[in-house]
Amino acid sequence: MCTPNDSAVLHAIFNPSAPFGDISGDKDNDIEEEEDQDSRFPAELLEKTLKLELSGVKSAESGDVKTAVQMFAEAIALLPDRPSAYNNRAQALRLEGDVTGALQDLNRAVELSKGVGIAGRQALVQRGLILRLKGDEEAATEDLQRAAQLGSDFARQQLVLLNPYAALCNRMLRDMVQKLQEPDLQEC
């Protein structure tokens, strides 16, 4: 299992638009959930899969996205019921411009994770963002709400952006605070 620091690095790599540190509201609980989910797999296969995923991440970091996709595919072949590799491959596919493939992998990651844990939450956020870009705001909102309930601050921020009333209130509040910070000297 990876350390919390490893999780933060992976998250930052595969979720570059998310605020740093938006892994979860309860990181210890996430790690325990992931370990519980991973405990059902044979230790030897899990170790190989984790190494392949790490190699995929390193490849993606160096800009070799094709190799990253290949590493994640090999990890999936070893443990096809483990959601993490689907989520990681989806991010690499998205970087390659394969939105359809990314959505298929994210759907599978959500299904396998049952929408819980780190892999489930990340898959929901990423799928929600893709659905939003495709214009399906209803489905995007549903995924982002589920991710927000699982502790994603980034999902909460996206939900505010999807709500026109909240956006208007935020804009009005920002303008009011700005006027308080920079009073118009002509009014004195």
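Arg89 sits in helix H5; helices here are DSSP runs of type H or I with at least four residues, strands are runs of type E with at least two, and both are numbered from the N terminus. With a relative accessible area of 19%, Arg89 is buried. The cut-offs are these: buried is under 20% relative accessible area, exposed is over 50%, and partly exposed is in between, with a 1.4 Å probe and protein chains only.

A word on the source. This is a predicted model, in which local features need pLDDT of at least 70 and side-chain atom pairs count only at pLDDT 80 or more, while totals for chains, interfaces and linings use all residues. Residues are numbered from 1 along each chain as its sequence is written, and side-chain values use heavy atoms, with hydrogens and water left out.

Back to Arg89. Which residues is Arg89 in contact with, leaving aside its neighbours within four places in sequence? They are Val69, Phe72, Ala73, Ile76 and Asp105, where contact means heavy atoms within 4.5 Å.

Helix H4 covers residues 65-78 and helix H5 covers residues 83-96; their axes are 9 Å apart and the packing angle is about 155°. The axes are lines fitted to C-alpha atoms, for helices over the stretch in contact, and angles run from 0 to 180 degrees between N-to-C directions. H4 is therefore roughly antiparallel to H5. Under 35 degrees counts as roughly parallel, over 145 as roughly antiparallel, 65 to 115 as roughly perpendicular, and the rest as oblique. H4 and H5 make a left-handed crossing. Left-handed means that the near helix is turned anticlockwise from the far one by less than a right angle; clockwise would be right-handed.

Among the H4 residues that meet H5 are Val65, Phe72 and Ile76, and on the H5 side the list includes Tyr86, Arg89 and Leu93. By class, this contact of H4 with H5 has 12 nonpolar, one polar and three charged residues. Nonpolar covers Ala, Val, Leu, Ile, Met, Phe, Trp, Tyr, Cys and Pro; charged covers Asp, Glu, Lys and Arg; the others, Gly among them, are polar.

One more residue in H4. Thr67 has its place in helix H4. Is Thr67 buried, exposed or partly exposed? Thr67 counts as partly exposed, at 23% relative accessibility.

H7 packs with helix H9, residues 153-162, at an angle of about 20°, and the axes are 10 Å apart. H7 and H9 are therefore roughly parallel. H7 passes H9 in a left-handed crossing. Val125, Leu129 and Arg132 are the H7 residues in this contact, and they meet Phe154, Ala155, Gln158, Leu161 and Leu162 in H9. The classes in the contact of H7 with H9 are six nonpolar, one polar and one charged.

Now a loop. Lys114 lies between helix H6 (99-113) and helix H7 (117-133). Lys114 counts as exposed, at 68% relative accessibility. Its phi is near 60°, a positive value in a residue other than glycine. Most residues other than glycine have a negative phi.

Last, the whole chain. The protein chain has 10 helices and zero strands. Of its 188 residues, 42% count as buried. Among contacts with a separation of 6 or more, 57% come from residues 24 or more positions apart.
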